[in-house]
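Please look through the structure below before reading on.

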Amino acid sequence: MMNERSWFRIGVLVLGFLFLYVPIVSLVVYSFNESRLVTVWGGFSTKWYAALMQNEQILGAAWLSLKVAALSATIAVALGTLAGMVLARFGPFRGRTLLSGLTTAPLVMPEVITGLSLLLLFVTMEQLIGWPAGRGMTTIVLAHITFTMAFVTVVVQSRLAQIDESLEEAAQDLGARPAKVFFLVTLPIIAPALLSGWLLAFTLSLDDLVISSFVAGPGSTTLPMVVFSKVRLGVSPDINALATILIAIVAVGVVIAGVAMSRQQKARDRDAQMALAANQQMIESMKRT
Amino acid sequence: MATSPRDNQVRFEPWKDPDAQPYVRIERVTKKFGDFVAVDDVTLDIYKKEIFCLLGASGCGKTTLLRMLAGFERPTQGRIFIDGVDVTAMPPYERPVNMMFQSYAIFPHMTVEQNVAFGLKQDRVAKAEITKRVGEMLDMVKLGQFAKRKPHQLSGGQRQRVALARALVKKPKLLLLDEPLAALDKKLREHTQFELINIQETLGVTFIVVTHDQEEAMTLSTRIGLMNHGEIVQVGTPTEIYEYPSSRFVAEFIGSVNMFEGRLTEDEPSYVRIGSDDLEQPIYVDHGVSSAPGATVWAAIRPEKMQMSREQPAGPDNWTAATVQDIAYMGDLSIYLLRLASGKVVRVTQPNAARHADERITWDERVYLSWDPTSPVVVTK
Amino acid sequence: MIARALKRVGITGRTLVTAVPYFWLLLFFLIPFVIVLKISFSDAQISMPPYQPLFAWIDEKVLQVQLNFANYAFLVEDNLYWKAYLNSIFVAGVSTLICLLIGYPMAYAIARTRPSTRNVLLLLVVLPFWTSFLLRVYAWIGILKNNGLLNNALMSLGIIDEPIRMLQTDFAVYVGIVYSYLPFMILPLYANLEKLDLTLLEAAADLGSRPWESFLKVTLPLSVPGIIAGCLLVFIPAVGEFVIPTLLGDPGMLMIGKVLWTEFFNNRDWPVASAVAIALLLFLVIPIMYYQRAQDAESGGGLHR
């Protein structure tokens, strides 16, 4: 039924999503533009992709960014999972409030503050203990672990909050020590949350400009830093090509995830029907006894 | 329905045997959460092969007590012994105790078979032995053909059986059941109750069941421990709890009851008389009561132990006049609400033995209410 | 084996599991702020690092702590900083409000569609978040430029005769902030509105209230926690925003994030940059704590009795 209210709803959604997606689509369209003047259409071309592939600076920065993102996301997932477990499962203890504050504050902390404070920490640490020596990939990874870990913690904590705690109690009751309970029961159940936490951390790290700018040293320029310095000087079509590649990767990833999820959903629906039928069978068999 | 093996045995009443050793001993256990006292100085002995029900409203401390037996909570004070061993400080994974959770807590990422085998694997039982015992257990709970299924492919009743099988396969000294039937629908619940009793008798495992459902407690248990505000208020067989409640709380918690407040007017070793402002004639009880004369007491009379008639009963005691205020027809029986002269409303149940309803007492009729001298239970608190 | 040995010393697995993330966050998140605080009391000098050490040993015996309030005095005296602070708060506040005005109807509309469509729409809201933030801001340069998409479109429609200057204005900064932070407003609002028990609205209608009244008297009050969460999630980071005003705004536009960046990278005055950071943090501490409390209450923080 189409009444006034559903028209309002559709209108809101159409306008809202246009706002969200027109800029992204325009990036993609102009990446195939022959003309150097980004907004004037000069015919279809893939020359900016070729130019991008020959840009050593961008390729080098992209490679560094990928390494940093993969490494920091992996460590952030490990630390974030521990923090999430502590917050969701260990009950009240002294210092819990502080820990919970330390995990949520980085979510909203302005990046300029986080970046500056981490740089000053690294400088001080180098003066005091000589490590980390200078600034480069190590300091970027440490900084990225710290701010992405907060996101992983939130994801893990909220997933754990949804899980029936008696699953873990049942495992203990059946003779598994706490560490074993974690690896045999908790971890397999929260694995999807850990995967999405990893992807989130990876994306955030790959995307970070401000914090990296503070803690990076000479010779450790990440992709967003290169992009930023180019973009500051004006529009350049090879950046559009880069954006299109990133968008394509995300889109493919989302489609794969979507298909996998709907498959799982279908399988679950089928199983639910089977369970219903089984239930019927059991009631029948009980009537007979 | 097969006859229960219990009927063929000599009465199973180890708590009456002075030489019997309790299997589970809860000794002056208290559990506090901050300022809140969840379990208050509970002492309880449970014997081997019992089905002991902890019964009470939600928040009465029964689940906390169960969780202390499983090892998930540490008592603030007191000790717990199982089969003579002090387990108070023992972690759950070392206790010879298994639990069936209210939510069943079946591992969603494992098949039925893997769920049941989990506990045996933790004990490093040999593979062949695991396969054998899991198979036997699944057959016992009639899930043999579902061994390879995942939990989300099972119905509620089947999940309950997986949880039961998983807890029993380790041959625990004690099985703890937290609201075992609460998630099942009514028909399935009744059937499962008897099945639980059968399994318990076959395996000879001691059961401790937590429930808020008095009917469930009555059907399942050898004895009931009724809890209120963290304390055990009465322990006894279902019959004892129903027929001989020790306090007003117990009498009112189990079933329904008419409670008459009064004073002892005559106090002899072989009988007492109680005068109540609500009743025209005194209550006569054919046994002595240990209470000071003149003290306030309560006489509790169950609705099914009261009779209605149109003629005034003979004798000086145990009757009163009343007016029918309301009738609820329940099929097998009818509930009458009768108003006394004092304004108090009394509940009486009458079985609908005859099909014709012509002579049945009806709305607004004046009737006489009477009861036997054996029916009232006198409580002093 | 190791576990037993540790247990004998009184260290349990639990303590270890707590200690590792705790230690990390203390070292890399809390201590840095202490250092920022210290350095904000220091003097700039031309060296590496470019500030005077805070501690000095007098005659190698007495530890002297030098506190220099000059940086803060400088912040208070110089109008530039005041203006930057106030302007940042104003811009962030207005952007938050616009985000709410756009985000609320969207979240509401998504929450009221069929569950199957709902997940797709939700995915569409989150999707831009997975692509680069920097590149999404960059996209607006192409749109807002004098010869950009928007001006071209308006001119070809005959609405305007010559391009309007949109890039490097406050307008562009608002567009950029709203665009970048909109998903952060929609998600908590959606999470809240989706939980709303629809029978409450039926009850309100049954008791005689019109749809508009039901919205004002039932839906809106119940969605306040979502509104607060969404607003804080947009407002707090927007105050310190650097990339958007730099790329889209007027070069002379004063935003505190930009000022901090300039002091640090261009003027190499680390102590003043630290003082700016501390002042900004002091201002944000209350909303951040408020946000943290709300988060904790939401996510199983019921552990606190």
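**Where chains A and C meet**

In this predicted model, the contact between chain A and chain C takes 83 residues from chain A and 87 residues from chain C. The size of an interface is often given as the accessible area lost when the parts come together. Here, the area buried between chain A and chain C is about 8,100 Å². Carbon and sulfur atoms give 80% of that area.

What kinds of polar pairing link the two chains? Between chain A and chain C there are zero salt bridges, but 10 residue pairs are in polar contact, both residues being at pLDDT 80 or more. On the side of chain A that touches chain C, helix H1(A) gives the most, with 14 residues.

Helix H1 of chain A covers residues 4–31 and includes Leu15(A). Is Leu15(A) buried or exposed? Leu15(A) has a relative accessible area of 60%, so it counts as exposed, the cut-off being over 50%. Leu15(A) also belongs to a nonpolar patch on the surface, together with Trp7(A), Ile10(A), Val14(A), Leu18(A) and Val22(A). The accessible area of the patch is about 570 Å². An α-helix has 3.6 residues a turn, so residues three or four places apart point the same way.

Helix H4 of chain A, residues 96–108, is largely enclosed by the rest of the structure, because 11 of its 13 residues are buried. Among them are Arg96(A), Leu99(A), Gly101(A) and Pro106(A). Leu102(A) and Val108(A) are also buried residues of H4(A).

Methods. Residues are numbered from 1 along each chain as its sequence is written. Chains are lettered from A and ligands numbered from 1 in the order in which they are written. This is a predicted model: local features need pLDDT of at least 70, side-chain atom pairs count only at pLDDT 80 or more; totals for chains, interfaces and linings use all residues. Side-chain values use heavy atoms; hydrogens and water are left out. Patches are made of residues with over 30% relative accessible area and no salt bridge: like charges are joined within 9 Å, nonpolar side chains (Val, Leu, Ile, Met, Phe, Trp, Tyr) within 5 Å. Accessible areas come from the Shrake-Rupley method with a 1.4 Å probe; for residues, only the protein chains shown count as cover. A salt bridge is a side-chain nitrogen of Lys or Arg within 4 Å of a carboxyl oxygen of Asp or Glu. Helices (H or I, at least four residues) and strands (E, at least two) are DSSP runs, numbered from the N terminus. Buried means under 20% relative accessible area, exposed over 50%, partly exposed in between (1.4 Å probe, protein chains only). Contact means heavy atoms within 4.5 Å. Buried area is the accessible area (1.4 Å probe) that two parts lose on being put together, summed over both. A polar contact is a pair of N or O atoms within 3.5 Å; within protein, one must be able to donate a hydrogen and the other to accept it, and residues adjacent in sequence count only if both atoms are side-chain atoms.
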